[in-house]
Structure formats: C-alpha cells, structure tokens
Amino acid sequence: MAKFLDIRKLTENDPDKPPKVIFLDAVGTLFGVRDSVGAAYAQVAQDFGVSLEAESVSAAFYQAFRAATPLAFPQQEPSQVRLLEFQWWKEVAVETFKLGGIIEQFIDFDSFFQALYKYFATAEPWEIYPDVVPALTYWRSQGIKLGILSNFDSRLYGVLTALELSHFFSSVTISSEVGAAKPDIQIFITALGKYNCEPTEAWHIGDSLPQDYQGATQAGMRAILIQR
C-alpha cells in the first residue's frame with residue numbers, strides 16, 4: 001500500500017506519461033470521520049437524551065455496514081434516489097443500535113436519525129487528511145483532471161463543498177446515482193465516459209483492496225491502494 005505523498009511522486013518522477021485523469025475514492029481516502037463513527041453518533045444522541053459508548057457503537061456500525069447491500073439502486077427513477085439513500089442509511093443505523101442492544105433508549109428514533117443524517121451532510125464530522133490538498137493542488141497544476149469515484153450518496157456533493165475540496169474535481173461519480181457500486185465495473189465505465197478516456201489513461205486511488213484496487217484493475221485502470 002502507498003502513502004499519498006508516494007503517489008504524488010509517481011507523477012513527479014514520470015512527467016512525460018501522466019494519466020489523463022486520476023479518480024479518487026472519497027471517505028477513507030481524501031477525508032475520514034473525525035474521532036470515530038461512534039463518537040459522532042454519540043454527539044448527536046446527546047441532543048435526544050441518550051448516552052452512547054462510542055467504541056461499542058463504532059464496532060456495531062461497521063458490522064452492520066459490512067453486512068448491508070451495496071449503496072446502489074439499479075433500475076430506479078433518479079427522482080427516487082435521495083429517498084432510497086436515506087432509507088438505506090436508516091436501515092444501517094437501526095441495525096447498528098439493534099446489535100448494540102440500545103435502540104430501545106430512543107424515544108423518537110426517527111427524529112434522531114434525521115438529525116444524524118443531516119449532521120453527516122456537513123463538514124463537522126469529517127476531517128481532511130493532511131497530505132490531500134498538496135497532492136490535489138500539484139496534480140491540478142500539471143493539467144491532470146481529477147474525479148471522485150465513490151460508493152457514497154448524494155450528500156457527498158455538499159460535503160466536498162463544505163470541506164472546500166469541490167473545486168479540485170471536474171466530476172463526481174457515486175454509486176447511488178450510477179446504480180452500481182465498486183467493485184462493479186459499471187461504475188468505473190461511467191466515470192471514464194465523462195472524460196472520453198480509455199482505462200489505460202486513468203488511475204484510481206482508494207483505500208479498499210476489493211472495491212478500489214481490484215475493481216479498478218478489473219476495469220483496466222491503473223489502481224493504487226492508499227494506506228490510511
């Protein structure tokens with residue numbers, strides 16, 4: 001696995017053969033949850049009179065998240081996508097608190113989840129990794145186009161803006177809108193199509209071996225696994 005600075009050096013050391021476009025995963029590659037998922041959940045829960053133990057909530061969340069179906073809605077009307085995103089994350093949250101044996105503590109879980117969902121659409125729970133902006137700035141200065149390629153939902157647009165990252169990217173491709181999630185080759189094909197770009201002319205950088213590295217490799221792109 002590579003460090004972000006090492007990846008930047010790949011383009012610095014071989015300036016004659018730069019990629020036409022570099023696609024980047026979002027969460028876990030460009031930015032991550034500040035402190036922990038459990039800490040963020042606990043912060044919002046306080047407003048609803050519920051005290052949570054962050055570490056156990058985090059463990060339950062990742063168990064629920066890994067067991068969930070992909071965040072993609074094939075053959076669905078675009079007008080329904082945002083509602084489906086909300087429902088998908090609510091199911092993950094419900095399963096998280098069921099696994100933790102604490103869902104009964106919420107008098108009004110629906111209101112709590114609405115607040116939680118809105119919270120993660122802001123900059124507050126996120127932090128940009130310190131090596132990201134220098135690398136993005138360098139690649140843009142070299143005329144390399146940058147795109148987001150993420151298994152996330154439409155809140156990502158607002159998060160990128162709130163984190164002051166959106167101006168680096170000329171495209172955002174997300175699984176919930178494409179109807180296919182990494183490592184499905186279709187999401188990579190969709191992203192490439194925005195640049196009229198051959199797979200061999202593109203890189204994809206991400207933190208997941210099966211989703212990012214293996215998915216991009218299968219699509220014919222140069223894949224780079226980031227270490228976070």
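**A parallel sheet and a pocket**

In this predicted model, Ile 148 sits opposite Val 172 of strand E5. Local features are reported at a pLDDT of at least 70 and side-chain atom pairs at pLDDT 80 or more, while totals for chains, interfaces and linings take in all residues. Residues are numbered from 1 along each chain as its sequence is written, and side-chain values use heavy atoms, with hydrogens and water left out.

Strands (E, at least two residues) and helices (H or I, at least four) are DSSP runs numbered from the N terminus, and two strands pair if DSSP finds at least two bridges between them. Zooming out, there is an open sheet of 5 strands in the order E5-E4-E1-E6-E7, with parallel pairing. Strand E5 (171-174) and strand E7 (222-225) are at the edges with a single partner strand each, so one side of each has no neighbour in the sheet. On average, neighbouring strands of this sheet are turned by 20 degrees against each other, direction ignored; the axes behind such angles are lines fitted to C-alpha atoms (for helices over the stretch in contact), and angles run from 0 to 180 degrees between N-to-C directions.

Next comes strand E1 (residues 21-24). E1 is joined by 4 bridges to the parallel strand E4 (residues 145-150), and another 4 bridges join E1 to strand E6 (residues 202-206), again parallel. Val 21 shows both links: its bridge partner in E4 is Lys 145, and in E6 Val 21 stands opposite Ala 202. In a regular strand, side chains alternate between the two faces of the sheet. Here both faces of E1 are covered, with Val 21 and Phe 23 buried on one side and Ile 22 and Leu 24 buried on the other. Buried means under 20% relative accessible area, exposed over 50%, and partly exposed in between (1.4 Å probe, protein chains only).

Ser 150, found in E4, is buried, with a relative accessible area of 2%. Thr 173, in E5, also counts as buried, at 1% relative accessibility. Contact means heavy atoms within 4.5 Å. Neighbours up to four places away in sequence aside, Thr 173 touches residues including Ile 148, Leu 149, Ser 150 and Ile 187. With the neighbours within four places left out, the contacts of Ser 150 include Asp 25, Ala 26, Thr 173 and Ile 187.

Finally, there is the largest pocket, with about 920 Å³ of space. A pocket is an open set of points on a 1 Å grid over the protein atoms alone, where a 1.4 Å probe fits, with protein on both sides within 12 Å along at least five of seven lines; lining residues have an atom within 4 Å of a point. The lining has 33 residues, and Val 27, Phe 61, Phe 65, Trp 89 and Asn 151 lie nearest the centre. Helix H3 gives the most, with 4 residues.

Definitions and conventions. Grid points are joined across faces, edges and corners, and a volume is the space filled by probe spheres set on the points.
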